[in-house]
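Let's take a walk through this protein together, starting with a pair of helices and then moving out to some individual residues. Keep the viewer open as you read.

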Amino acid sequence: MVFHLAAVSMRAADAPADGEEVQELALESGRLEDPQRMSDAGYCPREEVVRLWKEKSRMDALFDGGDKEAYWLARDEIYPEAGHRGSDRQPLGNRSGDKIEEIVTAVGKLEVLLDRCKEKGRLVFADVCGAPGAWSKYFFKLGAEARCVTRGFGFSLREGTNVLSCTWFPEARSPSKKAANTRLAELAKPLAALKSDPWALVLDAASLASSTALHGAGFRAGRIIVPNDSDAPFSSNSLSKATVIQGLSLKDFIMQNSKKDRSVGGYGPFTCVYCDFTECLYGSWRPPQELEEPGTPTVAYRSSPGQDLQALFRTGQLASGALLAVTLAHLRSNKKPEQWPQLRLLIGALAAEQGWCSVVVDRLEQRAVATEYWVLGEPDNVGLQQVLKKELSELARIQVAVLPLMTCLSAQRAYAGDNFVELWGADGSGNVCLPENVSHAAAEVGREADVVMADGGFLVLKGSNGEHMENYQEIVSGSILLAEAWL
Ligand SMILES: C[S@@+](CC[C@H](N)C(=O)[O-])C[C@H]1O[C@@H](n2cnc3c(N)ncnc32)[C@H](O)[C@@H]1O
């Protein structure tokens, strides 16, 4: 396999601006799993790498022989700090937390970076192959200790191999997602209170954070439906949070659950629907944050958010007096038509088709996405009237009393509030092996990072000679940190 590296020019945050002289990095390309090339780390003698690689390969027979559980057992016994399978007993969340502390202690020059960040009052890091995020947590901790506003970019496989070890920790994720969920629950609560055992339909991630937020709004786990066609590994306790229907996209679920075909089980009608699309209205996934021209055919096996919403309304999935929340990714190209007015027009028209009102009651603006909240229903629906009345009085209060203050605060807080951004690359997979994903992530980081670190796999489990390549990555990931941190 030939591995091409993207031509991404990099410079440290304090390096000269455009137009001034910037030293380009010399990049070499070659076979990804070539042991000769891979053991040439550039930072330490080849023999050292080979010796360490050999050491780390001693356990391979155990894994190859299907006895990995014996390894976990032994490791938890002799290395209890890691916690059971590296989970709960480690303050940073897993044994990678120990690794980053050791690396940074060994490098010993962290103060230079932190002093620079203290002067600027901010620390920006990029954590490549970083999920679930112990390294990110570590840098958030350092940033807080140095009294810096800290901002992180996390770039890691969307579909990691294991939900426990490869999905971003909920606390590492953007607080903006928490804000979106909190507002969802707040608005859904009065509507749910008017229904007996209300239903919700949610596009949720494996952490089921949106579903969990809805518990406080009166929705039971058995009545929160989460269609998921991504094969994301939901944990064994997901039943206590929601009813996950694996292997079905939102559109497939809607079609099967429609009045005509109740084979899926006859769920709903839904009092709360949260479509966290994290793509654009017309469903462009490559790149995910660019809107295709209307009419551009979408990838054959996916429906676009616009199509999903049409199906949602036209198959009668929504209860009168329902909350609908839609999250869309921001457009990156200003040449494309604005999508939010089109979304509002679409929802307004779909609601009108069935004689309903649709009112946007709130919008949450975030760095990579925005979420809008609608209440929908027959014009005289009691729930709809109540929510609108409350939101209107709230609006009047804010406009009169606190709007100027809020504007100042939000400008000040913009940086701190949205402090962790997950990057998934141009194809949405989070795979760092694809050059276009690297370019996409580099553009998102926008040359702001003070430190770039990498602790990850390159999907090559074995080389052509049978070597375990994951052992190699563990060796060089330290080198990448050393190299990038001090550029
Ligand atoms: C060793 S773990 C990183 C642990 C992390 N530093 C922490 O502190 O929690 C490696 C991560 O890299 C991800 N990964 C593996 N291959 C990848 C690839 N080709 N592109 C992006 N991420 C990858 C895995 O899914 C996993 O989440």
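This is a predicted model: local features need pLDDT of at least 70, side-chain atom pairs count only at pLDDT 80 or more; totals for chains, interfaces and linings use all residues.

Start with helix α11, residues 250-257, and helix α12, residues 305-314, which pack at an angle of about 15 degrees with their axes 9 Å apart. Because angles under 35 degrees count as roughly parallel, α11 is described as roughly parallel to α12. Their crossing is left-handed. If you zoom in on the contact, you will find Leu 250, Lys 251, Ile 254 and Met 255 of α11 meeting Gln 307, Asp 308, Ala 311 and Leu 312 of α12. Sorted by class, this contact between α11 and α12 holds 5 nonpolar, 1 polar and 2 charged residues.

Now turn to another pair. Helix α5 (residues 95-107) packs with helix α7 (residues 134-145) at an angle of about 55 degrees, and their axes are 8 Å apart. That angle makes α5 oblique to α7. Here the crossing is right-handed. On the α5 side, the contact residues are Ser 96, Gly 97, Lys 99, Ile 100, Glu 101, Ile 103 and Val 104, and they meet Ala 134, Trp 135, Tyr 138, Phe 139 and Lys 141 in α7. The class count for α5 with α7 comes to 7 nonpolar, 2 polar and 3 charged residues.

Of its 487 residues, 48% are buried. Among contacts between residues at least 6 apart in sequence, 68% join residues at least 24 apart.

You will find Val 202 in strand β5, residues 199-202. Is Val 202 buried or exposed? With a relative accessible area of 0%, Val 202 is buried. Setting aside residues up to four places away in sequence, Val 202 touches Ser 210, Ser 211, Leu 214, Ile 224, Ile 225, Val 226, Pro 227 and Tyr 274. The C-alpha atoms of Val 202 and Cys 272 are separated by 8.0 Å, although these two residues are 70 residues apart along the chain.

The loops have details to look at too. Between β3 (122-128) and α7 lies the loop that contains Pro 132, and a cis peptide bond joins Ala 131 to Pro 132, with omega about 10 degrees. Cys 129 is also placed in the loop between β3 and α7. Cys 129 has a positive phi of about 50 degrees although it is not a glycine, and its relative accessible area of 13% makes it buried.

Another cis peptide bond joins Gly 268 and Pro 269, with omega about 5 degrees. Pro 269 belongs to the loop between α11 and β8 (270-276).

Finish at Asn 381, in the loop between β11 (369-377) and α14 (382-401). Asn 381 counts as buried at 14% relative accessibility.

Notes:
Residues are numbered from 1 along each chain as its sequence is written. Side-chain values use heavy atoms; hydrogens and water are left out. Axes are lines fitted to C-alpha atoms, for helices over the stretch in contact, and angles run from 0 to 180 degrees between N-to-C directions. Helices (H or I, at least four residues) and strands (E, at least two) are DSSP runs, numbered from the N terminus. Angles under 35 degrees count as roughly parallel, over 145 as roughly antiparallel, 65 to 115 as roughly perpendicular and the rest as oblique. A crossing is left-handed if the near helix is turned anticlockwise from the far one by less than a right angle, and right-handed if clockwise. Contact means heavy atoms within 4.5 Å. Ala, Val, Leu, Ile, Met, Phe, Trp, Tyr, Cys and Pro count as nonpolar, Asp, Glu, Lys and Arg as charged, and the others, Gly among them, as polar. Buried means under 20% relative accessible area, exposed over 50%, partly exposed in between (1.4 Å probe, protein chains only).
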